[in-house]
Amino acid sequence: MRIGIIGCGIAGQAAAIALARDGHDVTVFERFAEAKPVGAGLLIQPSGQLAMERLGILDQVKQWGAPVKRLCGRTTGGRTIMDLRYAKFDKQAQGLGLHRTVLFQALQEGLAASGAKLVLGFDVAKIKDVNAPRLIARDGRAEGPFDLAVNCAGTHDTLRKALNVRMDDPIYPWGCLWTILPDPTGAFQEELRQVCESTQIMIGILPVGRVPGATFDGNHVALFWSLLHKQYGAQRNMGIDALRSRILHYWPEAKPIIERLHDINQFTLATYRDVRMKTWRDGRVIVIGDAAHGTSPQLGQGANLALIDAITLASALRRHRDAESALMAYEKMRRPHLRYYQWASRRITPMFQSNGRMQGWLRDIFFGPMAKTPGIARIMRNTLAGVRKSPFGVWKMPD
Ligand SMILES: Cc1cc2nc3c(=O)[nH]c(=O)nc-3n(C[C@H](O)[C@H](O)[C@H](O)COP(=O)(O)OP(=O)(O)OC[C@H]3O[C@@H](n4cnc5c(N)ncnc54)[C@H](O)[C@@H]3O)c2cc1C
């Protein structure tokens with residue numbers, strides 16, 4: 001098939017590799033003049049690692065990434081909110097903390113080797129005729145018709161609204177500031193840690209391993225600071241000293257990391273949406289990745305789900321001769337897994353980022369004991385590992 005992919009992010013590149021390897025004629029269209037990673041450090045779950053293995057990039061990214069064996073969260077008062085160990089899910093299992101550049105470079109090399117073409121500076125403004133899709137750029141250029149168009153334009157995608165699909169994509173009022181910092185003492189390795197106070201304060205530190213091109217050659221961490229994005233301007237005006245003092249006030253042990261903060265511009269604001277689409281297809285157009293099912297990053301699943309979408313789409317196209325049947329099969333294969341994580345994310349996000357103090361209070365009381373109750377702890381661990389498709393069902397990667 002002649003396939004046009006919109007967006008050279010995680011979903012777009014993974015789909016291009018998987019589809020081009022199967023012999024399709026694939027072109028990726030990216031709006032930026034230079035393809036580059038966007039966003040914070042990533043925690044790749046065992047499910048996402050399986051997808052990377054299929055794409056042939058797992059060994060490469062592992063050389064740079066950092067193993068994450070445990071996820072632990074506590075209140076500023078020292079009460080445990082969660083303590084989940086991957087080894088209890090499976091002895092060999094662990095998360096993989098990565099700087100985005102590492103994943104991006106591995107995907108770029110895979111893309112180049114797969115034979116897929118990449119067109120930069122092509123900002124798709126419109127998909128014309130969904131049954132023989134043509135991609136129209138903002139500057140008037142047109143490409144197509146394609147046998148299939150794959151929309152991988154990310155959570156803030158503007159194209160999905162024009163499809164004949166019932167959808168909604170409200171932006172969360174809460175976002176986060178993030179930065180990447182060296183971990184010179186190694187004190188923050190092997191665990192994703194979070195410190196919370198009610199639902200208004202949340203600080204996270206995720207090991208992300210080595211960073212290509214960084215002056216510090218050792219391991220780094222991603223630091224997250226939750227905030228209402230309408231307060232972004234005020235937070236910036238307060239300056240770096242005020243933010244540093246606030247973080248240290250809630251988390252004094254983070255000093256070796258926080259000492260490396262010297263400029264508010266080290267931080268980037270990330271915003272996220274809750275993307276809901278009744279169906280992900282319209283004619284010969286399919287939406288995958290965050291464009292189809294963006295969530296808040298609270299469960300650390302978005303990149304994993306995007307990689308799995310790509311593998312599943314290629315699998316569906318191998319099994320079905322015509323595009324329509326393949327897209328129906330794709331949707332059937334992905335629906336339970338994706339719906340479960342969208343549901344779980346909607347439930348959990350307000351317990352960590354919202355104005356609802358009651359939700360924080362319930363979290364502080366129940367989460368710790370739940371994580372120690374055998375049946376519930378297993379569901380929580382599988383959910384974290386990315387392999388649940390319902391509270392009682394386990395997801396499996398397609399052939
Ligand atoms: C703060 C934060 C932390 C996160 N942490 C994690 C984590 O630990 N683990 C995890 O699994 N996930 C995490 N995520 C989620 C993860 O980043 C996303 O799920 C993932 O990037 C989705 O990939 P994507 O390819 O769908 O979209 P994106 O990576 O956003 O890529 C979209 C691409 O499409 C391009 N594009 C957009 N519009 C157009 C257009 N009209 N024409 C052409 N090109 C276009 C963009 O320029 C971009 O290159 C996090 C997200 C945030 C915000």
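Biologist: Which residues does Thr80 touch, leaving aside those up to four places away in sequence?
Modeller: Thr80 touches Arg74 and Gly368, with residues up to four places away in sequence not counted. Please bear in mind that this is a predicted model.

Biologist: Where is Thr80 found?
Modeller: Thr80 belongs to strand E5, which covers residues 80-85.

Biologist: How far is Thr80 from Pro369, C-alpha to C-alpha?
Modeller: Their C-alpha atoms are separated by 8.9 Å, although the two residues lie 289 residues apart along the chain.

Biologist: Is Thr80 buried, exposed or partly exposed, and why?
Modeller: Thr80 has 15 other C-beta atoms within 10 Å.

Biologist: Turning to the ligand, which residues come nearest?
Modeller: Of the 37 residues around the ligand, Gly7, Gly9, Gly154, Gly289 and Gly302 come nearest. Elements that give two or more residues to this shell are helix H1 (10-21), strand E3 (42-44), strand E13 (174-182), helix H7 (290-293) and helix H8 (302-319).

Biologist: Which of these gives the largest share?
Modeller: H8 does, with 4 residues.

Biologist: What about the core: which residues have the most contacts inside the largest nonpolar one?
Modeller: That core has 113 residues, and those with the most contacts inside it are Ala14, Ala15, Val150, Ile288 and Ala310. H8 gives the most to this core, namely 11 residues. In soluble globular proteins, nonpolar side chains tend to be buried together.

Biologist: What does Ile288 touch, beyond residues up to four places away in sequence?
Modeller: Ile288 touches Ala11, Ala15, Val150, Cys152, Trp280, Ala306, Asp309, Ala310 and Leu313.

Biologist: On to the sheets. In what order do the 6 strands of the open, mixed sheet run?
Modeller: The order is E7-E2-E1-E11-E20-E19. At its edges are strand E7 (117-119) and strand E19 (281-282), each pairing on one side only. E19 is joined to strand E20 (residues 285-287) by 2 bridges, and these strands run antiparallel. Asp282 has Val285 of E20 as its bridge partner.

Biologist: And which strands form the open antiparallel sheet of 3?
Modeller: That sheet has the order E8-E9-E10. Strand E8 (124-128) and strand E10 (142-143) each have a single partner strand, so one side of each lacks a neighbour in the sheet. Between strand E9 (residues 134-137) and E10 there are 2 bridges, and Leu135 has Glu143 of E10 as its bridge partner.

Methods
Residues numbered from 1 in each chain as written. Predicted model: local features only at pLDDT ≥ 70, side-chain atom pairs only at ≥ 80, totals over all residues. Near = placed C-beta within 6 Å. Pairing = 2+ DSSP bridges. Core = buried A, V, L, I, M, F, W, Y, C linked by C-beta atoms within 7 Å. Buried ≥ 20, exposed ≤ 12 C-beta atoms within 10 Å, placed from the backbone. Contact = placed C-beta atoms within 7 Å.
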